[in-house]
Amino acid sequence: MGLPASGPRRSVAARPEGADPGPRRTLPAILVGWCAVAWGIAAKDGRYGAWAMAGVLLGTAAATFATVRHRPRSETSGSVSAVPASPASPASPAAPEMPGASGSGDAAPAGPAASASAPAAVGVGVGAGAVRGRAWVGGWLLVAITVGVGPIVRHPRYYATGPLAAVADVLAIVAGLLAAAAVLVALFAPPARGRPGSAASPASPAPGRSVLVAGGAVARRALGSPALFWVVLGLAAAAGVATIRAAPAPRIDVFHLLQVSAAGLAHGADMYRQQWAPSRAAYPVDGLFDVYPYLPLTSVLLAPSRLLLGDVRYGLLLALAVAAICARGLATGPRGALAVLPLLVVILPESMYALQQSWTEPLLVVCLAAMVLAVRGGHGRTAVLALALALATKQHIALLLPVAAAWPRFGPRRTAVAAGAAVLGVAPWVLAGPGDFVDDAVWTNLHYRVLGHSLSVPGWASHFGITLGFAPAAVALVAAYAAAWRARGDATGFCLGAALVLLAVDLMNKQTFFNHYTLPMGLLVLAATTLGSGGGGPVTGVPAQAAAGRRAAGQRAAGQRRVEKRSSEAPS
């Protein structure tokens with residue numbers, strides 16, 4: 001099933017000045033949605049509870065609002081293979097829509113478009129509260145509270161013990177506090193002082209305060225530095241390593257089935273015919289014993305970390321780090337508070353708990369982040385490969401195919417190619433044992449029963465003796481697709497639509513827990529990071545910066561020819 005590419009719409013340049021509020025309207029809702037879901041899943045470690053349910057419902061409502069209100073800031077006619085550049089007007093020369101294709105995120109958009117997107121591109125800075133309003137500041141404050149306070153009040157250990165568990169807690173807390181401090185400094189830091197002796201330079205502070213003033217300036221510069229991203233990411237990675245070492249054998253079936261299936265690949269074993277212990281009596285957990293409920297690329301992607309480091313969770317930790325780096329590449333000018341956004345995929349409350357449990361959503365987050373980054377950089381084949389890997393990793397990613405097809409810069413053709421590549425990737429295991437594959441990867445998931453501690457609407461309803469059928473889930477999914485269709489047109493719309501579709505599935509699923517919500521949370525992070533950049537560059541096979549450079553060179557050459565012609569025609 002696929003949706004047609006979007007038709008032509010009025011471009012951003014054609015809108016009256018001030019008609020497109022852009023991030024001012026959408027970003028606060030995204031931030032509120034992310035924070036609400038984060039607190040909802042952390043309230044009872046991903047299980048049902050009144051506050052937990054309220055959190056995920058509020059987060060879904062905020063994500064719905066953001067999706068419905070989002071208007072793509074750069075639109076095309078839906079061409080898949082090429083996106084024509086907008087003609088330049090005499091008063092407004094063409095400017096590249098995106099920064100460099102390298103995805104470094106350190107360049108800001110140039111030309112007239114920069115004036116509209118610059119506040120979002122550089123993040124929240126001095127005076128942003130007055131410019132953006134209460135919703136903007138409130139959303140960022142909520143992020144600061146969530147990442148700063150969350151690791152302190154919620155750090156479940158479960159199977160992690162010993163000094164390394166305490167080290168992991170401390171590292172996660174420090175990472176969260178640094179990120180929160182960066183947001184607060186970006187929001188409330190005083191204006192930069194002018195040069196000494198200038199009119200903007202205030203009187204020199206009293207000698208007793210000079211050290212404090214100098215120390216505050218150093219702290220502000222450090223917290224606003226792009227290097228902060230790498231510091232926080234390094235702390236989070238160190239916390240992850242400590243968590244893995246503190247919980248070498250968590251008593252959860254996911255860990256054991258991933259460990260055994262990934263190791264078995266080296267010997268040609270079929271994960272759909274394996275069992276995870278010599279016998280049920282020797283199996284240390286109460287869960288899936290001889291069932292592999294995922295698609296085979298899950299174990300294939302984790303096999304290197306299992307074979308080289310002995311634990312699949314190192315691969316999951318690496319996936320989180322790479323996803324954060326990809327998200328940083330999507331952010332235009334990662335400074336100020338915006339520098340914290342990419343880190344939200346690794347410093348959410350209880351992120352170390354999710355890693356400890358070996359949940360596989362980081363693989364999906366990194367694949368989708370790589371897809372969006374590749375689209376922005378103009379690398380269509382890489383984007384197709386990234387989506388294909390995600391499709392061959394977990395079954396419900398297939399629900400995002402209509403959203404991908406509706407994104408003009410990806411389109412139906414690339415969506416079909418990605419789906420076909422995913423089928424080819426899974427085919428060897430299907431052909432080796434079609435019955436085993438269907439039993440494990442299809443029927444096991446469909447035959448799950450409703451659990452009362454599921455953090456979903458069916459789990460909630462079961463407490464009142466109500467059994468929900470498929471119809472409410474179908475209605476929620478159709479509504480999510482309708483909102484995603486409305487937001488189509490740019491990378492932000494794709495990420496928002498994909499997040500909303502997955503939130504609808506999670507809310508209406510029979511068994512939904514902590515890990516299921518982390519994937520739409522990751523997509524909300526990607527939506528927030530792409531929002532300031534206008535939604536991504538064209539997928540033409542040519543990096544956007546190179547194409548923009550050629551257009552600019554052509555315009556300069558044309559201008560020079562006009563000048564020379566006028567000079568030759570002038571009377572001597």
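Where is the place of T512? T512 sits in the loop between helix 20 (491-507) and helix 21 (514-531). Helices here are DSSP runs of H or I with at least four residues, numbered from the N terminus, and strands are runs of E with at least two.

Before I go on, this is a predicted model, where local features need pLDDT of at least 70 and side-chain atom pairs count only at pLDDT 80 or more, while totals for chains, interfaces and linings use all residues. Residues are numbered from 1 along each chain as its sequence is written, and side-chain values use heavy atoms, with hydrogens and water left out.

Back to T512. Its relative accessibility is 0%, so T512 counts as buried; buried means under 20% relative accessible area, exposed means over 50%, and partly exposed is in between, with a 1.4 Å probe and protein chains only. The side chain of T512 reaches the backbone oxygen of D506 at 2.7 Å. That is a polar contact, meaning a pair of N or O atoms within 3.5 Å; within protein, one must be able to donate a hydrogen and the other to accept it, and residues adjacent in sequence count only if both atoms are side-chain atoms. Leaving aside neighbours within four places in sequence, T512 is in contact (heavy atoms within 4.5 Å) with G46, S454, L455, S456, D506 and Y517.

Next, the salt bridges. A salt bridge is a side-chain nitrogen of Lys or Arg within 4 Å of a carboxyl oxygen of Asp or Glu. How many does a search of the whole structure find? The search finds five. One of them joins D169 and R157, with the closest N and O atoms 2.8 Å apart. D169 lies in helix 6 (residues 163-188) and R157 in the loop between helix 5 (134-153) and helix 6, so this pair ties together parts twelve residues apart in sequence. D169 is buried at 13%, whereas R157 is partly exposed at 35%.

Another salt bridge is K394 with E361, at 2.6 Å between the closest N and O atoms. This pair links distant parts of the chain: K394 is in the loop between helix 14 (380-391) and helix 15 (401-406), and E361 is in helix 13 (residues 361-377), 33 residues apart. K394 is buried at 7%, and E361 is buried at 2%. Salt bridges that share partners also join D270, R273 and D436 into one network.

On to the aromatic rings. Rings of Phe, Tyr and Trp (its six-membered ring) pair if their centres lie within 6.5 Å; planes under 30 degrees apart count as stacked, over 60 as edge-to-face and the rest as tilted. The whole structure holds twelve aromatic pairs. Among them, Y272 and Y292 are edge-to-face, 5.4 Å centre to centre with 90° between the planes. Both Y272 and Y292 are buried. The rings of W407 and F494 have centres 4.8 Å apart and planes at 20°, so that pair is stacked. W407 is in the loop between helix 15 and helix 16 and F494 is in helix 20, 87 residues apart. W407 is buried at 1%, and F494 is buried at 3%. Ring pairs also link Y158, Y159, Y353, W359 and F514 into a cluster.

Last, helix 17. Its buried residues are F437, D440, A441 and T444, and what covers them includes helix 16 (411-432).
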